[in-house]
Protein chains: 2
Amino acid sequence: MDDRFKLENQLCFRLYTASRLITQAYYPLLNVFGLTYPQYLVLLVLWERDAQPVNDIAKRLMLETNTVTPLLKRMEAEGLLKRSKGKEDARQMIVKLKKKGRDLQNKLTDVPETVGGAVLCDSVTPETVPALFGMLDDIIEQLKR
Amino acid sequence: MDDRFKLENQLCFRLYTASRLITQAYYPLLNVFGLTYPQYLVLLVLWERDAQPVNDIAKRLMLETNTVTPLLKRMEAEGLLKRSKGKEDARQMIVKLKKKGRDLQNKLTDVPETVGGAVLCDSVTPETVPALFGMLDDIIEQLKR
DNA sequence: TATATTTGCATCGTGAACGATATAAATGTT
DNA sequence: AACATTTATATCGTTCACGATGCAAATATA
């Protein structure tokens, strides 16, 4: 067999699987509050800075607006945030947290540590994580072009 | 701001983004042949060993059958493979490549190297890749439980 | 042998992802 | 000012992912 095509030699398959499994680890923690993982990411962005246009949120998450717009609409329907036309630029949609969305931060304080702790193992420790972060950041930077 | 919630401190967001971006790098290479990335993964599994039950393919890719079954049906509709009831166990569906699916291997010989080369950068080199693989494998093993 | 349990696969519904395309507002050019 | 181009967002269609659930075949237990 051609080794090039072995699943074990594929970086992408590892990233894809690791990403899926960590997302699954978030599931029970977020599902209690009716959140999905991408919705949680949007909250992270808005907790850092509230009232951002759709485009800024999309850029931060490196997603397209055709992914983010429906996501935001679902979150608006849940009462987590409000989307409203921009004042200075009428093309923009400004996304602002509502109380329900802001208050979730206090309820989710344990989430980062819980998931962070769940992945720790022999080769992934507080000491080695920075190196892993660096490699992943470089890969992302490389592919963003 | 609470540093725990900063996007930059999230391992999962990096994995999620890196995975998405690499999958996008595959897109133009696979799309020429009408393939998606998960379909390509199925081909990798079947090229290694042909004629496997759905469950073995799903386990190998660490996916559920409710993801794999529709995927295989689409590939069957494309004429890449054939699904047929197992002889010894009537519950099983045996998935076997058709000529079109087998022949794709020769047409995709450059794909692994092309994508593999596209991610190389300062911190990700032939020397450091094994360490990265090891960490990702450990994370996956840890989360599989 | 009858019944309970497990196993393998499928169906259903929802929510991403994302390529392709559309639309309106803003900006640039003539 | 008229027109072209860019920008911000949205719509559409297709394909995953995946939790929940269903069903039939195989296996275990009574």
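## Basis of the model

A residue is buried when its relative accessible area is under 20%, exposed when over 50%, and partly exposed in between, using a 1.4 Å probe on protein chains only. By that definition Leu143(A) is buried, with a relative accessible area of 7%.

This is a predicted model, in which local features need pLDDT of at least 70 and side-chain atom pairs count only at pLDDT 80 or more, while totals for chains, interfaces and linings use all residues. Residues are numbered from 1 along each chain as its sequence is written, chains are lettered from A and ligands numbered from 1 in the order in which they are written, and side-chain values use heavy atoms, leaving out hydrogens and water.

## Chain A overall

Chain A has seven helices and three strands. Helices (H or I, at least four residues) and strands (E, at least two) are DSSP runs, numbered from the N terminus. Read from the N terminus, the order in chain A is α-α-β-α-α-β-β-α-α-α.

Along the principal axes, the C-alpha atoms of chain A fill a box of roughly 60 × 35 × 25 Å. Chain A has 145 residues, and 46% of them count as buried. Contact here means heavy atoms within 4.5 Å. Take the contacts in chain A between residues at least 6 apart in sequence: 48% of these join residues at least 24 apart.

## The nonpolar core

A nonpolar core is a set of buried Ala, Val, Leu, Ile, Met, Phe, Trp, Tyr and Cys residues joined through side-chain atoms within 4.5 Å. The largest one has 100 residues. Ile22(A), Tyr40(A), Ile22(B) and Tyr40(B) have the most contacts inside it.

Ile22(B) is found in helix H1 of chain B. Its relative accessibility is 1%, so Ile22(B) counts as buried. Beyond its neighbours within four places in sequence, Ile22(B) is in contact with Leu11(A), Cys12(A), Leu15(A), Ile139(A) and Leu143(A), and also with Val115(B) and Val119(B). Ile22(B) and Val119(B) are 97 residues apart in sequence, yet their C-alpha atoms are 8.0 Å apart. Ile22(A) touches Val115(A) and Val119(A), plus Leu11(B), Cys12(B), Leu15(B), Ile139(B) and Leu143(B), again not counting residues up to four places away in sequence.

## Contacts between the chains

Leu143(A) sits in helix H7 (residues 129–144) of chain A. Not counting residues up to four places away in sequence, Leu143(A) touches Leu21(B), Ile22(B), Ala25(B), Ala118(B) and Val119(B). Within chain A, Leu143(A) and Lys96(A) are 47 residues apart in sequence and 31 Å apart in space, C-alpha to C-alpha.

Ser19(B) lies in helix H1 (residues 11–31) of chain B. At 6% relative accessibility, Ser19(B) counts as buried. Leaving out neighbours within four places in sequence, Ser19(B) is in contact with Leu15(A), Tyr16(A) and Ser19(A).

## Helix H5 of chain A

Helix H5 of chain A spans residues 99–107, and its buried residues are Gly101(A), Leu104(A) and Gln105(A). Viewed down the axis of H5(A), these fall within an arc of 105°, so they line one face of the helix. The arc is that of the directions from the helix axis to the C-beta atoms. An α-helix has 3.6 residues a turn, so residues three or four places apart point the same way.

The buried residues of H5(A) pack against helix H2 (37–48) and strand E3 (93–97) of chain A. On the other side of H5(A), Lys99(A), Asn106(A) and Lys107(A) are exposed.

## Packing of H2 and H3 in chain A

Two packed helices are described by the angle between their axes and the distance between the axes. H2(A) and helix H3 (residues 54–61) of chain A pack at about 115°, with axes 10 Å apart. Axes are lines fitted to C-alpha atoms, for helices over the stretch in contact, and angles run from 0 to 180 degrees between N-to-C directions.

From H2(A), Leu41(A), Val42(A), Val45(A), Leu46(A) and Glu48(A) meet Ile57(A), Arg60(A) and Leu61(A) of H3(A). The residues of this contact divide into six nonpolar, no polar and two charged. Ala, Val, Leu, Ile, Met, Phe, Trp, Tyr, Cys and Pro count as nonpolar, Asp, Glu, Lys and Arg as charged, and the others, Gly among them, as polar.

## Positive phi in two loops

Ala51(A) is a residue other than glycine with a positive phi, near 60°. Ala51(A) is in the loop between H2 and strand E1 (52–53) of chain A. At 35% relative accessibility, Ala51(A) counts as partly exposed.

Met62(B) is not a glycine either, and its phi is positive at about 55°. Met62(B) lies in the loop between helix H3 (54–61) and helix H4 (65–77) of chain B. With a relative accessible area of 23%, Met62(B) is partly exposed.
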